[in-house]
Amino acid sequence: MTIPPDAEARRAIRPVICYPNETLPVPDLALYARARAGAVKVSETLAPPRDAACFEVPAGHFFRISSVEGPQVGDLNLWNRDDLSERFYSGKTRALHGTHLTTGERMWSTFPNLRPMATITADTLGWYGIDSFGGSVHDVIGTRCDPYTGNLLAGTQYHHCCHSNLTRALAAHTGMSLHEAEPHVHDVLNVFMCTGFTRDTGQYFMKASPVRPGDYLEFFAEIDLLGGLSACPGGDCSAEHSSDTAACHPLLVEVFAPAPGALEGWQVPARNGYDRSHGA
Ligand SMILES: [Zn+2]
């Protein structure tokens with residue numbers, strides 16, 4: 001390998017943001033806050049440790065994911081309740097908002113829809129920011145812990161990774177078989193997980209989550225949602241994530257309905273406007 005004479009000059013070129021997001025439609029957070037103030041709780045679901053649960057959230061309702069009992073990371077999947085082919089698009093959400101999400105940012109759906117599925121309206125870990133290791137919380141850079149990677153790296157057969165937990169929960173909720181449900185499970189929003197990439201080797205890292213019981217992440221459902229939440233076998237993800245060794249705790253999901261008329265002026269976002277002719 002030959003290092004070119006202008007190597008330093010090439011490295012010194014300043015980066016440009018791939019997707020300047022000033023033109024993204026802006027959520028009306030003040031409207032959401034007013035609607036939330038008068039909202040009442042209508043249901044709750046508990047994701048048990050090392051297991052997952054599904055829950056439904058009508059468009060215009062709020063849902064809150066809370067840490068209860070102890071520090072715990074959650075792997076969140078979202079689908080259009082009436083069309084599972086529209087689901088959360090982690091990669092495009094990362095491209096639009098960056099590696100970690102917080103209040104005012106949104107979970108975007110897959111092509112050809114590419115519309116907001118949910119908007120984050122509250123984040124009690126918003127104070128964390130980016131630490132000196134480059135770590136932050138609620139990432140869209142990880143995938144979901146899964147038994148295939150464990151088998152690849154260590155030859156294991158472990159059945160309570162988030163991928164399997166979400167597969168079982170989706171099958172139980174919809175009546176699908178495990179094999180029918182599995183392809184619908186997708187890359188997640190890592191709720192409460194603290195992650196980043198090492199500066200020296202560029203490797204994905206995790207560290208003990210700063211979440212404590214009482215902390216929560218709250219969302220406004222922009223469309224009718226089916227959610228799946230797995231209480232990761234990694235617990236607070238301070239050491240391991242694909243075994244039964246970490247201390248694990250449940251996660252609580254609560255759904256809140258706004259008062260009638262509280263969302264005056266709000267509409268379910270339209271599907272993306274690209275005409276899909278693809279130049280043919
Ligand atoms: Zn996991």
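Predicted model: local features only at pLDDT ≥ 70, side-chain atom pairs only at ≥ 80, totals over all residues.
Strand S9 covers residues 189-197, and eight of its nine residues are buried, so the rest of the structure largely encloses it. Helix H5 takes in residues 162-174.

**Who pairs with S9**
- Strand S4 (residues 74-80) runs antiparallel to S9, with three bridges between them. Leucine 76 has leucine 189 of S9 as its bridge partner.
- Strand S8 (residues 136-139) is also antiparallel to S9, and three bridges join the two. Here valine 137 sits opposite cysteine 194 of S9.
- Strand S10 (residues 204-207) pairs with S9 through four bridges, again in the antiparallel sense. Phenylalanine 197 faces tyrosine 204 of S10.

**The S9-S10 hairpin**
- Six residues lie between the two strands of this hairpin.
- Look for glycine 202 there: its phi is positive, near 70°.

**Helix H5**
- H5 has 13 residues and spans 18 Å from first C-alpha to last, close to the 18 Å expected at 1.5 Å a residue.
- Its buried residues are Cys162, His163, Ser164, Asn165, Leu166, Thr167, Arg168, Ala169 and Leu170.
- Those buried residues pack against strands S2 (52-57), S4 and S12 (225-231), plus helices H4 (147-154) and H6 (178-181).
- Just past the end of H5 comes glycine 175, with a positive phi of about 85°.

How values were computed
Residues numbered from 1 in each chain as written. Buried ≥ 20, exposed ≤ 12 C-beta atoms within 10 Å, placed from the backbone. Pairing = 2+ DSSP bridges. Expected span 1.5 Å × (residues − 1). Contact = placed C-beta atoms within 7 Å.
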